[in-house]
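Welcome, and thanks for taking a look at this model. Below is a short tour, arranged by topic, to read alongside the view.

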Amino acid sequence: MQLYNTLSAKERETLIEQAGKERLTISFYQYAHIGNPTIFRNHLFIHWNELDVLGRIYVAHEGINAQLSVPAENFKAFKAHLDSISFLNDVRLNIAIEQHNKSFLKLKVKVRKKILADGLNDATFDVTNKGVHVNAKRFNELIEDPNTLLVDMRNHYESEIGHFKNAITPDVDTFRDSLDIIEKDLESFKEAKNLVMYCTGGIRCEKASAYYKHKGFKHVYQLEGGIIEYARQAKDQNLENKFVGKNFVFDHRRGERISEDVVAQCHQCGKPCDTHVNCANEACHLLFIQCEACAAKMNDCCSNGCKEIHGLPYEEQKRLRKGKSVSNKIFKKGRSEVLKFKK
């Protein structure tokens with residue numbers, strides 16, 4: 001039995017279009033002890049492949065972190081399978097606010113050392129001693145309290161296009177970078193202030209809240225379900241939405257609009273814009289913000305150099321990038337020197 005993708009993204013895209021059926025974009029995580037992540041990984045792949053699940057799933061000894069899409073007609077079967085796994089029974093599912101049938105085009109279930117690259121030595125603190133989970137209503141109350149420090153636990157390219165009002169948004173490239181910076185910046189408030197954190201779906205705050213409690217913060221809170229669940233509760237309960245702009249998501253949509261505010265700017269011309277794109281030059285693939293006018297002018301590229309390469313015959317492009325790695329660009333999102341209006 002093949003436990004990997006047999007179709008390319010293009011082939012899968014065509015099949016999705018031909019099927020013409022609604023798909024749901026879902027994310028969830030759960031910390032749990034998994035004795036053999038490889039066996040668990042294979043189990044998931046076999047069952048989810050049969051249900052036409054697509055997505056990016058990380059499995060480790062410490063649990064699972066999943067972002068995926070599933071045909072709406074298969075959702076009940078998918079949920080039943082989750083519930084058949086003891087530690088995933090009734091796990092909270094974050095269902096996307098804005099659906100897109102092509103949010104994922106392959107099923108990738110990978111075994112990792114950790115489900116979140118946090119750079120922490122979990123053995124040095126109690127990871128189960130987490131902060132207080134709060135819903136959208138309580139979150140709104142807390143962040144109106146002058147004794148509260150609201151911290152965005154995401155990266156610069158995420159908070160650049162959307163964030164909660166008055167939030168501290170660390171200018172960092174990775175989650176692991178933010179942990180020590182936030183602790184240092186808020187050192188003098190450890191005992192007196194409320195530390196309220198949020199992220200996309202909650203997983204980063206899950207670990208960070210325990211870490212900060214270990215570091216001496218006395219009043220630690222985290223937004224249950226992250227921005228995704230907050231937006232849903234705010235709409236369903238008619239609460240004031242205190243999030244401005246888009247919520248960055250890690251799939252082909254790249255963002256969900258939470259409010260009509262555009263808080264970012266095109267990295268090439270500086271006009272208001274919050275649309276993330278990848279440079280069309282496959283040897284670059286830089287993630288940056290580009291407006292429609294600049295996309296047309298630059299042929300979907302980040303620079304004139306990439307535009308020239310992208311205009312070459314495809315085989316010539318392949319020859320030029322052969323043996324070269326673009327991994328050094330992986331955290332450059334929006335920071336490249338070729339971009340004039342970058343954060």
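Let's begin at a pocket: strand 1 gives the most to the lining of the second largest pocket, contributing three residues. Please keep in mind that this is a predicted model.

- Strand 1 and helix 7 each supply at least two residues of its lining.
- Among the lining residues are Tyr-29, Gln-30, Tyr-31 and Ala-32. The lining also includes Glu-62, Asp-122, Val-127, Thr-128 and Lys-130, along with Glu-206 and Lys-207.

**Lys-207, a lysine in the pocket lining**

- Lys-207 is part of helix 7 and is one of the residues that line the second largest pocket.
- Is Lys-207 buried or exposed? With a relative accessible area of 3%, Lys-207 is buried, because the cut-off for that is under 20%.
- Leaving aside neighbours within four places in sequence, Lys-207 is in contact with Glu-62, Asp-118 and Asp-122, as well as with Lys-114.

- Five strands make up an open sheet with mixed pairing, in the order 4-1-3-2-5.
- Strand 4 (94-95) and strand 5 (107-111) are at the edges and have a single partner strand each, so one side of each is left without a neighbour in the sheet.
- Strand 2 (residues 54-60) and strand 3 (residues 63-71) run antiparallel and are joined by seven bridges. Ala-60 has Gly-63 of strand 3 as its bridge partner.
- Helix 2 (residues 37-50) lies across strand 1 (23-31), strand 2, strand 3 and strand 5, and it runs at about 170 degrees to strand 5.

- Three bridges link strand 8 to strand 11 (residues 243-248) in the antiparallel sense, and Gly-162 stands opposite Gly-245 in strand 11.

**Helix 6 and its buried face**

- Phe-175, Ser-178, Leu-179, Ile-182 and Glu-183 are buried in helix 6 (residues 175-185). Viewed down the helix axis, the buried residues fall within an arc of 120 degrees, so they line one face of helix 6.
- These buried residues pack against strand 7 (148-152) and helix 7 (203-214).
- Lys-184 and Asp-185, on the other side of helix 6, are exposed.

**Cys-302**

- Where is Cys-302 placed? Cys-302 sits in the loop between helix 9 (292-298) and helix 10 (304-310).
- Cys-302 is buried, with a relative accessible area of 4%.
- Not counting residues up to four places away in sequence, Cys-302 touches Cys-279 and Cys-284, together with Gln-268, Leu-286, Phe-288, Val-338 and Leu-339.
- Between the C-alpha atoms of Cys-302 and Leu-195, which are 107 residues apart along the chain, the separation is 38 Å.

Definitions and conventions
Residues numbered from 1 in each chain as written. Predicted model: local features only at pLDDT ≥ 70, side-chain atom pairs only at ≥ 80, totals over all residues. Heavy atoms only, no water. Pairing = 2+ DSSP bridges. Helix = DSSP H or I, 4+ residues; strand = E, 2+ residues; numbered from the N terminus. Contact = heavy atoms within 4.5 Å. Axes fitted to C-alpha atoms, helices over the stretch in contact; angles between N-to-C directions. Buried < 20%, exposed > 50% of the residue type's maximum accessible area, 1.4 Å probe, protein only. Arc of directions from axis to C-beta. 1 Å grid on protein atoms, 1.4 Å probe; cavity = no way out; pocket = protein on both sides within 12 Å on 5 of 7 lines; lining within 4 Å.
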